[in-house]
Amino acid sequence: SHPTALLIPKARGRRAQRAVYLLLVLCAAALYLTGEPLIPTIRSFTSHFVGLQIGVLLKGICYLVEEIFHLQSRYHGSFWRALSACFPLHWHRPMLLACGSAYVTLVNGDGQPLSFHLTLASLCQLLILALGLQKPSAVEMSEMSERSKQNVAHGLAWSYYIGYLKIVLPRVKKSMEEFSRANPNVLACRETWKLHILVPLSCDVYDDLEKADSNIQYLTDLTETTLTRAGTKRRVYKHSLYAIRDEDNKLWHCAVEYATPLQSLYAMSQDECAALSREDRLEQAKLFYRTLEEILKGSKECAGTYRLIVYEESGKAETHFLSRDILWHLHQQRHEEYTMYEGNQPHNLSTTLSSTELNLQISESDLPQPLRSDC
């Protein structure tokens with residue numbers, strides 16, 4: 001496989017949840033092996049558990065104090081919606097009631113009043129909130145954003161697909177077929193009749209590919225597609241055909257262009273208002289590629305019409321890095337990919353198998369037959 005395949009992270013699995021279950025079993029086993037009496041152990045466990053639930057309750061109260069001032073703009077004047085947003089009531093409310101009942105039952109064993117324990121637990125939780133010790137880690141925030149599809153990259157990828165690729169990709173092969181009829185010696189390899197989309201993880205997009213690599217030369221434009229779109233009459237969509245020169249001075253022809261949403265990511269990282277660091281930009285670029293790949297794989301109308309070329313520029317000044325990367329993909333398409341039949345089976349089946357071969361594949365008896373046909 002291409003080495004750049006290692007640059008794109010896969011979606012997170014459920015290993016963290018499995019680790020929780022494993023540690024839960026280990027902690028329960030360790031607690032059992034201590035040999036402590038059952039009643040004091042249950043009392044201590046309940047005390048800690050109630051303390052955590054009180055922390056959730058106090059945190060929700062603090063958030064509710066702020067949300068009350070946004071009832072009209074955020075919750076359409078509904079106090080209940082604001083309350084539900086601050087407290088995950090579907091789970092924590094019954095859990096808090098159950099733990100509170102157990103706590104009242106068991107806590108008096110040490111002689112301290114109930115109000116003392118509740119105040120102490122509240123003080124500890126408020127101190128944790130004041131020091132910011134419960135803030136989610138960078139991994140948690142990244143996972144929540146990816147699972148909820150709320151990253152910048154998700155929006156850019158869907159916008160790019162809906163507003164552009166879904167329109168142009170189904171027409172790419174037709175445009176190349178028309179061009180090939182007029183220029184039969186240029187697009188000789190049908191396996192490369194695709195739109196090659198460049199995805200630089202640095203988001204450094206050149207407006208002129210010839211300036212990015214001198215081995216890439218503009219040839220001509222393919223047939224234009226004209227549509228009325230979003231109030232614009234006769235909006236034009238077109239692709240440029242380029243000639244890529246390899247080390248043997250041989251020319252390879254293909255349609256190439258950058259994924260334009262990467263320009264937005266790059267501009268956001270240069271704007272202080274966007275607050276997008278270089279590391280955040282790199283993470284969003286990788287997520288953009290992964291999201292776009294998932295979208296296109298699920299699109300039947302775009303199947304076989306595109307090729308995503310993701311790459312990360314090395315620190316060394318390589319003059320022809322981009323052309324070599326594109327040529328690698330062209331070679332792979334030509335030598336490692338095969339055109340599949342579009343129907344359920346080929347139309348020329350009768351010419352590929354003789355009648356004798358067909359008879360050998362059909363058993364004339366209900367009894368089991370040997371696998372070899374010459375027995």
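**Notebook: helices and cores**

I began at Leu-71, which lies in helix H3 (residues 71-75); helices (H or I, at least four residues) and strands (E, at least two) are DSSP runs, numbered from the N terminus. I noted that this is a predicted model, where local features need pLDDT of at least 70, side-chain atom pairs count only at pLDDT 80 or more, and totals for chains, interfaces and linings use all residues. Residues are numbered from 1 along each chain as its sequence is written, and side-chain values use heavy atoms, with hydrogens and water left out.

**Entry 1: Leu-71**

Is Leu-71 buried or exposed? I found Leu-71 buried, with a relative accessible area of 18%; buried means under 20%, exposed over 50%, and partly exposed in between (1.4 Å probe, protein chains only). I then listed the contacts (heavy atoms within 4.5 Å). Leaving aside neighbours within four places in sequence, Leu-71 meets His-76, Gly-77, Ser-78, Phe-79 and Ala-82. I also looked up Arg-81, which is 10 residues from Leu-71 along the chain, with 8.7 Å between the two C-alpha atoms.

**Entry 2: the whole chain**

I counted 15 helices and seven strands. The chain has 375 residues, and 31% of them count as buried. Of the contacts between residues at least 6 apart in sequence, 66% join residues at least 24 apart.

**Entry 3: the cores**

I looked for nonpolar cores, meaning sets of buried Ala, Val, Leu, Ile, Met, Phe, Trp, Tyr and Cys residues joined through side-chain atoms within 4.5 Å. The largest has 57 residues, and those with the most contacts inside it include Leu-165, Phe-288 and Leu-296. Helix H8 (residues 152-168) gives the most to this core, with nine residues. A second, separate core has seven residues, among them Leu-64, Leu-71, Leu-83 and Cys-86. Back at Phe-288, I listed its contacts beyond four places in sequence: Ala-153, Leu-156, Ala-157, Tyr-160, Val-199, Ala-259, Pro-261 and Leu-262.

**Entry 4: H8 and its partners**

I took H8 with helix H12 (residues 278-297) and found an angle of about 45 degrees, with the axes 8 Å apart. Axes are lines fitted to C-alpha atoms, for helices over the stretch in contact, and angles run from 0 to 180 degrees between N-to-C directions. H8 and H12 are therefore oblique to each other; angles under 35 degrees count as roughly parallel, over 145 as roughly antiparallel, 65 to 115 as roughly perpendicular and the rest as oblique. Among the residues that meet here are Tyr-161 and Leu-165 in H8 and Thr-291 and Ile-295 in H12.

Next I took helix H11 (residues 261-270), whose axis comes within 10 Å of that of H8 and crosses it at roughly 150 degrees. H8 and H11 are therefore roughly antiparallel. Val-152, Leu-156 and Tyr-160 of H8 make the contact with Pro-261, Ser-264, Leu-265 and Met-268 of H11.

**Entry 5: helix H9**

Which residues of helix H9 (residues 172-182) are buried? I found Val-172, Ser-175, Met-176, Phe-179 and Ser-180. They cover an arc of only 135 degrees around the axis, which puts them on the same side of H9; the arc is that of the directions from the helix axis to the C-beta atoms. The face turned away from this buried side carries the exposed residues Lys-174, Arg-181 and Ala-182. The buried residues of H9 pack against H8 and strands E1 (195-200), E2 (216-221), E5 (240-245) and E6 (251-258).

Last, I checked Ser-180, which is buried with a relative accessible area of 13%. Not counting residues up to four places away in sequence, Ser-180 touches Leu-187 and Trp-193.
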